[in-house]
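Here is a walk through a predicted model, one packing unit at a time. Keep the sequence and the coordinates open side by side.

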Amino acid sequence: MPREAEISVNERAFIQQALQEQIRLDGRAFDAFRPLELTFGDEYGVADVQLGKTRVIARISVDVTTPLPERKFDGVFQIITEFSPMASPAFEVGRPTDAEVILSRILEKAIRRSNALDTESLCIIAGLKCFALRADVHIIDHDGGLIDASCIAVMAALQHFRRPDVLVEGEKATVLSVREREPIPLSILHQPLCVTFSYFEEVDIFLVDANFAEEQVRQGEVIVTMNRHGEVCQVAKYGGATVNPLALLNCTNIALQKVKEMSKFIQMKLDEDAKRRNVGGLLAELSAENDR
Amino acid sequence: MAPEALLSHLHRADGSATYTHNGYCIIGAVNGPIEVQRRDELPEEATVEVNVRPAAGVGSPKERHLETLLHNTLRSIILTRVIPRTLVQITLQVRSLPDEEGAAGVHPSLLLLPHLLHTSLLALLSASIPLSTTLTSVLIAIPSSPTSKSGAPLVSPTATDLLRAKPIRSVHVFAFSGDNRLLLNESDGVFSFDVWDEACETAEEACCREEGGVGLVGEGMEVDGKESANLEEWLRVVVRRKVEHEQRWKVAT
Amino acid sequence: MAASAIVVLPGDKIPQDALPKPMNKKKALTLGPGLRHIPPTTIATTIAGALVTDNKKNAAWIEFNSGRYLPTAGDLVIATINTSTGENFNCFLTPNTPAATLPHLAFEGATRKTRPQLVPNSLVYARIASAGKDSSPELTCVDPSTGKSEGLGPLKGGMVFKISLGMARRLLAGSKGGVTILEALGEKVGFEITVGRNGMLHVDGGNVKTTLAVGRAVQEVDEQALGAKGQKKLAERVLKSL
């Protein structure tokens with residue numbers, strides 16, 4: 001079974017020594033994210049996030065199915081994360097690593113359980129027809145910080161996505177294609193984002209957005225998910241090190257500030273994209289008129 | 001429109017390429033030669049593993065079918081005997097598809113196949129895996145038009161082209177090696193041998209027909225902007241750019 | 001070396017006139033990486049890159065700077081110890097490749113009673129004694145003729161920086177490689193570097209700041225392909241920050 005290569009003892013010692021001297025390898029501050037880049041494709045609901053060298057693409061797709069019998073008034077929403085050997089040869093298809101399980105659990109808790117998406121709005125006819133929404137998270141390049149990057153990607157893609165409109169006449173529902181009617185955005189209740197803190201026990205330091213090398217050296221991690229209103233959606237801690245409860249409070253404060261910045265950034269990118277699309281949209285409509 | 005290619009842009013994989021053409025965008029990564037699992041180890045050859053990952057959803061039989069086609073084609077150009085008992089792992093992630101893809105009524109996996117082949121070749125070049133030759137691939141669509149001449153073949157049509165030319169009678173995917181041998185031939189639809197023959201000719205022209213024996217491309221090649229350039233010349237331009245990028249320190253000040 | 005290199009694709013046949021013209025007719029033609037001989041007389045390429053020829057050595061090879069490191073006998077590498085067996089250490093040259101063996105006795109002054117004790121994931125500077133497609137590579141830390149280490153052996157302290165394979169070759173090529181940053185930095189600060197052909201650079205500057213500055217400077221020269229002027233500027237900037 002392929003395994004991720006471990007970091008050498010020299011690097012481990014050096015990273016710790018540097019942290020003791022308050023230095024990070026790439027010269028960042030302890031609470032600084034790497035440069036974040038977010039791009040949208042031509043299609044709706046595809047978000048390409050680059051966080052330093054880490055790159056994640058999230059794609060939203062939609063289908064029509066029957067709702068679950070115990071949840072007649074709700075649509076279906078799934079988040080699928082599957083690592084591929086593209087990000088690291090240690091990732092094997094069909095055999096999830098611990099990191100993969102943790103990522104999908106966190107996204108599940110952070111986005112799905114926190115009701116970021118109003119699933120009731122995905123219902124077409126109660127108990128008969130509903131939309132099934134799925135978010136596929138593709139890890140393209142892996143240099144740490146997968147959880148934070150994936151969460152940004154999924155949330156941005158959800159906000160960018162437009163689902164087709166439906167026409168309901170009694171028991172009959174018709175899904176209208178993009179040509180027939182302008183697709184509509186999803187109803188999103190709030191925007192949770194994750195901030196991962198890597199904990200180093202010896203020096204008692206929390207790092208925001210650790211890169212791959214730092215992730216390998218850390219003794220613990222605390223993942224805080226919250227929205228820009230300061231509502232904490234979930235807190236998870238992994239790794240053996242014991243963390244001071246008061247330090248957790250400090251983490252949530254930093255997380256709030258980071259989440260606010262990131263939300264603003266996502267909104268700015270969404271606005272830019274909308275502006276770009278609107279120009280094309282108007283022109284396209286006009287030309288269609290002229291053809292006739 | 002020549003395809004766009006970006007090479008060696010991923011940090012973890014040994015070789016990578018992003019390929020964009022006609023609304024298709026595919027990211028390819030190659031790891032290798034790496035350690036192979038005991039059960040897959042071949043004593044005298046390298047094991048080739050191809051993973052095709054769809055844009056949405058997990059792999060289905062359609063992807064498995066594409067993987068088999070790619071595997072067999074790529075195996076024939078990778079010098080597997082030079083790197084025995086190792087693994088060459090090729091991962092292809094479909095990033096985006098043209099919107100109209102489903103509407104044209106053509107087998108979608110055939111439409112995807114030439115793009116997947118090109119992406120994997122570029123990623124293999126980027127990973128410097130030993131190859132016996134290169135490959136180029138093209139899709140030919142034969143529209144059915146009972147009235148006029150039996151429909152002029154469409155060479156690597158866009159999704160909109162296909163939609164406009166509907167109904168399509170048959171589609172063919174051909175792949176040729178650098179020395180003009182046919183590596184892969186997949187067809188779908190109703191067609192006669194003559195039609196296939198003509199399609200094959202057209203494909204060869206688009207892929208690798210040379211105008212006046214270009215052996216090693218010299219300095220005077222200017223194909224960046226020209227429309228008439230065939231796919232092999234396109235490949236040379238891509239590689240030239242890669243080499244220039246790698247050697248730019250020699251000319252830097 | 002030709003200035004405008006001939007760009008080749010895998011499968012290209014090298015014409016006779018592109019091959020090196022040996023000054024000494026008796027010397028056999030040597031084919032380096034990326035070239036293969038198909039009997040009787042065809043020389044074909046296997047990778048994409050630039051064709052380079054050397055008339056003096058009557059050698060030809062393909063220059064490229066991408067992909068995974070392939071072990072070649074005689075190369076100096078930085079290996080990572082994985083496990084220790086009865087007689088050997090199993091080491092990695094690059095992650096996820098078959099392990100290379102380093103005999104316990106292949107260190108300077110090592111005997112059956114005084115074997116080096118190396119914990120997993122420690123680093124060793126070693127020379128590849130043998131490598132072939134049919135066997136796993138074997139490493140050594142002594143010069144077999146003198147029994148001395150000649151600078152090889154366990155690497156203590158410092159930090160490892162990843163560099164491209166081409167950069168590693170340039171650093172080892174001396175003045176031909178065109179890397180001047182190290183001399184420029186070395187005038188003001190003291191440090192020790194070790195270059196592994198497998199794309200690893202070990203820097204020990206005595207303290208965290210110097211080590212990081214040197215390592216990152218080399219990485220920057222690599223990534224941005226800085227020329228002589230660019231490197232000079234970078235060196236000034238780095239020295240100022242120290």
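Axes here are lines fitted to C-alpha atoms, for helices over the stretch in contact, and angles run from 0 to 180 degrees between N-to-C directions. Helices (H or I, at least four residues) and strands (E, at least two) are DSSP runs, numbered from the N terminus. Residues are numbered from 1 along each chain as its sequence is written, while chains are lettered from A and ligands numbered from 1 in the order in which they are written. The model is predicted, so local features need pLDDT of at least 70 and side-chain atom pairs count only at pLDDT 80 or more, whereas totals for chains, interfaces and linings use all residues.

Start in chain B. Helix 1 (residues 61–75) of chain B packs against helix 2 (residues 108–126) of chain B at an angle of about 45°, and their axes lie 11 Å apart. Helix 1 of chain B is therefore oblique to helix 2 of chain B; angles under 35 degrees count as roughly parallel, over 145 as roughly antiparallel, 65 to 115 as roughly perpendicular and the rest as oblique. On the helix 1 side of chain B, the contact includes B:Leu66, B:Leu69 and B:Leu70. Helix 2 of chain B contributes B:Leu112, B:Leu113, B:Leu116 and B:Leu117, among others. Contact means C-beta atoms, placed from the backbone, within 7 Å.

Now turn to chain C. Chain C holds four helices and 15 strands. Its C-alpha trace spans about 55 × 50 × 35 Å along the principal axes. Of its 242 residues, 38% count as buried. A residue is buried if 20 or more other C-beta atoms lie within 10 Å of its own, exposed if 12 or fewer, and partly exposed in between.

Four strands of chain C form an open sheet in the order 1-5-6-2, with mixed pairing. Strands pair if DSSP finds at least two bridges between them. Strand 1 (6–8) and strand 2 (30–31) of chain C are the edges; each has a single partner strand, so one side of each is left without a neighbour in the sheet. Helix 5 (residues 231–246) of chain B packs on this sheet, touching strand 1 and strand 5 (49–54) of chain C. The direction of that helix makes about 120° with that of strand 1 of chain C. Strand 2 of chain C runs parallel to strand 6 (residues 59–63) of chain C, joined by two bridges. There, C:Leu31 stands opposite C:Ala60.

The loop between strand 1 and strand 2 of chain C holds C:Asn24. Is C:Asn24 buried or exposed? C:Asn24 counts as exposed because it has 9 C-beta neighbours inside 10 Å. Its C-alpha atom is 8.9 Å from that of C:Asn55, 31 residues away along the chain.

A second open sheet in chain C has three strands in the order 13-15-14, with antiparallel pairing. The twist averages 25° from one strand to the next. Strand 13 of chain C is joined to strand 15 (residues 200–204) of chain C by four bridges. C:Lys162 stands opposite C:Met200 in strand 15 of chain C. Helix 3 (residues 208–224) of chain C packs on the sheet, touching strand 13 and strand 15 of chain C.

Finish with the core. In the largest nonpolar core, of 201 residues, A:Ala153, A:Val154, A:Ala157 and C:Ala79 touch the most other members. Helix 3 (residues 146–160) of chain A gives the most to this core, eleven residues. Such a core is a set of buried Ala, Val, Leu, Ile, Met, Phe, Trp, Tyr and Cys residues joined through C-beta atoms within 7 Å.

How values were computed:
Two residues are in contact if their C-beta atoms, placed from the backbone, lie within 7 Å.
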